Amino acid sequence: LDIARAAADPDWLTAWAPPHSDAVLPFSSGTTGHPKGVRLSHRNLVANVLQIEDRIGVNGTDTVMGVLPFFHIYGLTVLVNLVLRRRATLIAMPRFELGAFLSLIRDHRATFAFIAPPIAVALAKHQVVDDVDLSSLRDVFSGAAPMDDTLAAAVEKRLGVSVRQGYGMTELSPVSHFVGAGEQAPHDSIGTPVGGTDNLVVGLDGKPVDVPTEGLSDPGELWVRGPNVMIEYVNDPDSTTESLDADGFLHTGDLVRIDQDLNVYVVDRLKELIKYKGYQVPPAELEAVLLSHPQITDAAVVGLAEPDVGEIPVAFVVIREPDSLSADDVMEFVASRVSPYKRVRRVEFCDAVPKSASGKILRRELRDRLG
């Protein structure tokens, strides 16, 4: 790109990179199926930065930890595009390693960290965190997967920082909801919509869910329309038609609830809900319960087909000390904290929970292990 020519002739720049032409081609994470190529335009990316920059809380004086992969849309938008747009300092890491992550925060006096929930688990539970001076850190912002309120509160208390979260999809460039700096919202909320978007929560009966006067609404699928919505899936018209309707709404496939202040709460992926005897069991809820156990350092839950009941919840668990817990211990712990139909029916111990580069649990790999 000829920078001098672009500055002297803005019309030339528009002709060189038309707003609606492709800018990047990221792939959806493929946590439940095969990844799909997502066409995102220059307009998509620019719009999303403008939608978030005034609320997110990153300023020119900040030093931001760049642990998210730049090839993933979360890292591309908030680290490469947003941080540079705000003229902040970015500390890039080739991959996440807890010791190096903590040392870089200390040595560079980092003030802001964009993370995913697995990093939050490490920050809340690993003992090495107490040995490093993290006093410069002001904000921790989590995305890529839901983070429950207990985990968020634990990180906030341990580090003395503000912990917020947001929501997005590759198809949304990616941010559509988040809790802005200084905004008051429950820890388990993904906040309110970004500007310039229309949002619907559509019940399983196909009717819009009403905003409640108190408490949380009935669950429904989140639909989003706005300038950050993708062009289409590459060479996949069937998937495009399934996800993007004629009115321009992207059907996210995520089940959410809303409160009277329009804060949104993610229940789980519609396709990941476990159907036990006709009841819907959200894996994320059970994972949050499992992670509250002091001996469990990571966990994931998937459904396993079972005759007569439909599916049963199976927990994959990583424990701090070998043989410190039995499968029965884990099942009893969960059973004492959830409704009877949500109980974990089988436990598999593992060395690590498989995750994508952005921190999402690869449930299809876990299901493959079950046969």
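Me: Why is Asp 22 called partly exposed?
Reply: Asp 22 has a relative accessibility of 38%. Buried means under 20% relative accessible area, exposed over 50%, and partly exposed in between (1.4 Å probe, protein chains only), so 38% lands in the middle class. Bear in mind that this is a predicted model, where local features need pLDDT of at least 70, side-chain atom pairs count only at pLDDT 80 or more, and totals for chains, interfaces and linings use all residues. Residues are numbered from 1 along each chain as its sequence is written, and side-chain values use heavy atoms, with hydrogens and water left out.

Me: What makes Arg 39 and Asp 22 a salt bridge?
Reply: Their closest N and O atoms are 2.9 Å apart. The rule wants a side-chain nitrogen of Lys or Arg within 4 Å of a carboxyl oxygen of Asp or Glu, so this pair passes. Arg 39 sits in strand S2 and Asp 22 in strand S1, so the bridge ties together parts 17 residues apart in sequence. Strands here are DSSP runs (E, at least two residues), and helices are H or I runs of at least four, both numbered from the N terminus.

Me: Why is Asp 62 called buried?
Reply: Its relative accessible area is 2%, so Asp 62 falls under the buried cut-off. Arg 138, at 36%, counts as partly exposed.
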